[in-house]
Amino acid sequence: MDIRSLRYFIETVKHQSFTQAAQSLNVTQSTISKMVRQLEDELGEPLLIRDHRHLQLTDCGKVVLERGQEVLQSMQGLLREVHEVQALQRGRLDLGIPPMINVLFTEVLKTFKNRHPRIELILHEETGMGIERMVAAGTVEMGLSILPLGPELNVSATPVAKHAVWAIGHKDTLPAGQKTIKLRELEKHPLIFLGEDYALTRMLRRAFAHAGLQINIAAQSNQWDWVASMAQAGMGVALLPQPFLSRLEPGDWLAKEVVEPGLNWEVALLWNGRYLSQAARAWLQVCSDVLGGNWPELEGD
């Protein structure tokens, strides 16, 4: 059923005149008559009893008038909500963000909420590899993890931040008098890693394997601050991104940047290559404004 035919019919009943309805809608009288007749033909019933003095509704005409008004109101509501989405006055974004990465995005989150207070931002906390699976499955529209990604998942990514990885250990564990430590030197130390579902752990395992080095893991934890505490206590050496050093309490511990090769904790924004909502595009814009850098055109537009 043509929504326009309903509108023309309702306007005709409202004005009790084809002529006045045509003037109200800025169309010709013949157009009004044709559209109302088409509506009657489609329904197989007359809707109006026409005489020279006034228009009278048939029983079917009364039903079409009542329900047609509801349809037009629903259409108006639909268009209003679409316009609100287009104007970023409503919407929802499901964003996956690992606990380690969220500390870097506090300002982005604050700016997004200040700029788009009516967009519902739902944060899903999970490990980096867990977020990758959620993005691939469509559980969340966008997410954050650490490069390189798992090759088995059909997930696209663009880098948004990069920080060097540092070795942390008790002063009696790490050599004093130098600001860096070579990756091969870490082979002789017991290492303290995050859990196996953390993208940082995946990245470190790949780096050691690529260099042909063995890994001696002394302990693992799902809490980065506990990983650091165990290293500070002398249990081994922890490998953490540089931004987390400033969050540690002073003590009898040292931190040295890993070199030859240098290791980078590279944060990436993930998406699954499908349609991106207006809310997701707004998130991209805020990330670009706050974090800077060159943002490529994303697939799935």
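Which helix gives the largest share of the lining of the second largest pocket? Helix 4 does, with 6 residues.

This note concerns a predicted model, in which local features need pLDDT of at least 70 and side-chain atom pairs count only at pLDDT 80 or more, while totals for chains, interfaces and linings use all residues. Residues are numbered from 1 along each chain as its sequence is written, and side-chain values use heavy atoms, with hydrogens and water left out.

1. By class, the lining has 5 nonpolar, 3 polar and 2 charged residues; Ala, Val, Leu, Ile, Met, Phe, Trp, Tyr, Cys and Pro count as nonpolar, Asp, Glu, Lys and Arg as charged, and the others, Gly among them, as polar.

2. There is 1 cavity of 30 Å³ or more, a cavity being a set of points where a 1.4 Å probe fits but cannot get out, and about 70 Å³ of space lies in the largest cavity. Residues lining the largest cavity include Pro98, Met100, Ser145, Tyr198 and Trp265, and helix 5 (99-102), strand 5 (142-146) and helix 8 (199-210) are the elements that each give two or more residues. The lining of the largest cavity divides into 8 nonpolar, 2 polar and no charged residues.

3. Helix 2 (residues 18-25) and helix 3 (residues 29-43) pack at an angle of about 105°, with their axes 8 Å apart; axes are lines fitted to C-alpha atoms, for helices over the stretch in contact, and angles run from 0 to 180 degrees between N-to-C directions. The two helices, helix 2 and helix 3, are therefore roughly perpendicular to each other, a term for angles of 65 to 115 degrees, with under 35 roughly parallel, over 145 roughly antiparallel and the rest oblique. Phe18, Thr19, Ala21, Ala22 and Leu25 of helix 2 make the contact (heavy atoms within 4.5 Å) with Gln29, Ile32, Ser33 and Val36 of helix 3.

Note on methods: 1 Å grid on protein atoms, 1.4 Å probe; cavity = no way out; pocket = protein on both sides within 12 Å on 5 of 7 lines; lining within 4 Å. Points joined across faces, edges and corners; volume = space filled by probe spheres on them. Helix = DSSP H or I, 4+ residues; strand = E, 2+ residues; numbered from the N terminus.
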